[in-house]
Amino acid sequence: MSFKESGIEWIGQIPTHWNTLSVSKAYKVTLGKMLQPSSNDERDIKVPYLKAANVQDGFLNLDKLEEMYCSINELKSLGLEIGDLVVCEGGEVARSTIIKEDLEGFIFQNSVHRVKESEKGNTKFLHYLLVTLRASNFINILVNKATIAHFTKDKFNSLKIAMPTINEQSIISNYLDVKCAKVESLIEAKRKLISLLEQQRQSIITEAVTKGLNPNVKTKDSGVKWIGEIPEHWEMKKIKYLVDRMSREVQPEDEVITVFRDGQVTLRKNRREDGFTFSLKELGYQGIKEGDLVVHQMDAFAGAIGVSDSNGKASPVYTVCTPKNNYEIHIPFLCEVIRVMSSSGYIESLAKGIRERSTDFRWKDMGDLFSYVPPIYEQIQIAIYISKASKEIKDLIQSINISIQKLKEYRQSLIYEAVTGKIDVRDMELDEVR
């Protein structure tokens, strides 16, 4: 197969028998209706509508649907049919999916384009082209992300694309449907495995911090409903009798601390996604030392509880604790106890019970909670056991996540090569496509 330059930066070379044209030459693009929250006419009707948040990459999310008013004529002209392509005008621009279910009675908002196919253009083929467009840097230039990104109707219609015959578009689209479905199935299986591993890790932690490491130990009632039975030789004490809340002076060299859902407490420069931090303009910093127990008062329910790995500073939204002078408590052990309270939903229910819809978990709430207290040597053993078991499972999860990323990269590469003609799928053996 011979190739030629397409003249389109994000596509590159294409087969010589393909053509380049603008979207408007092969498809009919319609922008949706501006939100109409109230009736303008007694004949207006209230209907569900699609907005950008409903349009995901390759599927519709209809969990949260809203309604607006429209006229009978608008319901007809802005209706959605199976086979239509819907594309985000705003939000995650150019994200798209094919309508695969009956949406009679729906319309779409002006944050969404509807695309109808023609004798020249297959909508599934355009969907896969848009997947490639979104993966390229060209989309950022096209929508001018210096401001709020918008994939306007004019920009969409004037977008240059490369296309084979309508028959070849159908073959390519069907080929990608089958191949991508297989990849997504593999990814979903790996995600389920990660979920099972996370459950296993949490089960290991909960069992260790509530029952200890000896399965044959005699137990007794803890007297606390959510805890239940504990080893007979363990004690129950309020957290405020085990640790003190600290409020240290900030040192000039102290850097900002961030807390993560997985319990890591580290310097802001080491932050990752899903960290709980705060504005640098916020006043009233407090010093944190390596080894301190740190609890994010507003996000403890989400797991933002951990032991600091660094010296740093944080705002008063964090509760910082150190052991009392009697050293009855091993901070890593207590951290796991409080994280079990978080994962069980106990902290969230407690906070909401005190302050209605608030999820704040302040020192006065935490300090009055009961914790089980094994002998200090047993706390240390449990903490070491949890750390080792957690690391093994986290390492396995990381390996699975890497394989998921590779599958996503393979999927993206496959789509690009197919919709730009770099591979000729017409001669490939794929019985399920034919």
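**Figure 1. Contacts and overall dimensions of the predicted model.** Among contacts (heavy atoms within 4.5 Å) between residues at least 6 apart in sequence, 72% join residues at least 24 apart. The model is predicted, so local features need pLDDT of at least 70 and side-chain atom pairs count only at pLDDT 80 or more, whereas totals for chains, interfaces and linings use all residues. Residues are numbered from 1 along each chain as its sequence is written, and side-chain values use heavy atoms, with hydrogens and water left out. The protein has nine helices and 24 strands; helices (H or I, at least four residues) and strands (E, at least two) are DSSP runs numbered from the N terminus. Its radius of gyration is 29 Å, while a compact globule of 434 residues would have one near 22 Å. That radius is taken over C-alpha atoms, and the globule rule is 2.2 Å times the number of residues to the power 0.38. Along the principal axes, the C-alpha atoms fill a box of roughly 80 × 60 × 50 Å. Of the 434 residues, 45% count as buried, where buried means under 20% relative accessible area, exposed over 50% and partly exposed in between (1.4 Å probe, protein chains only).

**Figure 2. Packing of helix H5 (residues 166-211) against helix H6 (residues 331-343).** Two packed helices are described by the angle between their axes and the distance between the axes. The axes of H5 and H6 come within 10 Å and cross at roughly 120 degrees. Axes are lines fitted to C-alpha atoms, for helices over the stretch in contact, and angles run from 0 to 180 degrees between N-to-C directions. H5 and H6 are therefore oblique to each other; angles under 35 degrees count as roughly parallel, over 145 as roughly antiparallel, 65 to 115 as roughly perpendicular and the rest as oblique. H5 passes H6 in a left-handed crossing, a term used if the near helix is turned anticlockwise from the far one by less than a right angle, with right-handed used if clockwise. On H5 the contact is formed by Gln202, Ile205, Thr206 and Val209, and on H6 by Phe333, Glu336, Val337, Val340 and Ser343. By class, this contact has five nonpolar, three polar and one charged residues. Ala, Val, Leu, Ile, Met, Phe, Trp, Tyr, Cys and Pro count as nonpolar, Asp, Glu, Lys and Arg as charged, and the others, Gly among them, as polar.

**Figure 3. Packing of helix H2 (residues 123-135) against H9.** The axes of H2 and H9 are 9 Å apart, at an angle of about 120 degrees. These two helices are therefore oblique to each other, and their crossing is left-handed. Phe125, Tyr128, Leu129, Val131, Thr132 and Ala135 of H2 meet Gln412, Ile415, Tyr416 and Val419 of H9. The residues of this contact divide into eight nonpolar, two polar and no charged.

Figure 4. Ser390 counts as buried, at 8% relative accessibility. Leaving aside neighbours within four places in sequence, Ser390 is in contact with Arg201 and Ile205.

**Figure 5. Gly90 in the loop between strand E7 (85-88) and strand E8 (96-98).** With 6% relative accessibility, Gly90 counts as buried. Apart from neighbours within four places in sequence, Gly90 is in contact with Ala52, Ser111, Ala149 and His150.

**Figure 6. Glu5 in strand E1 (residues 3-5).** Glu5 counts as exposed, at 59% relative accessibility. Neighbours within four places in sequence aside, Glu5 is in contact with Gly12 and Gln13.
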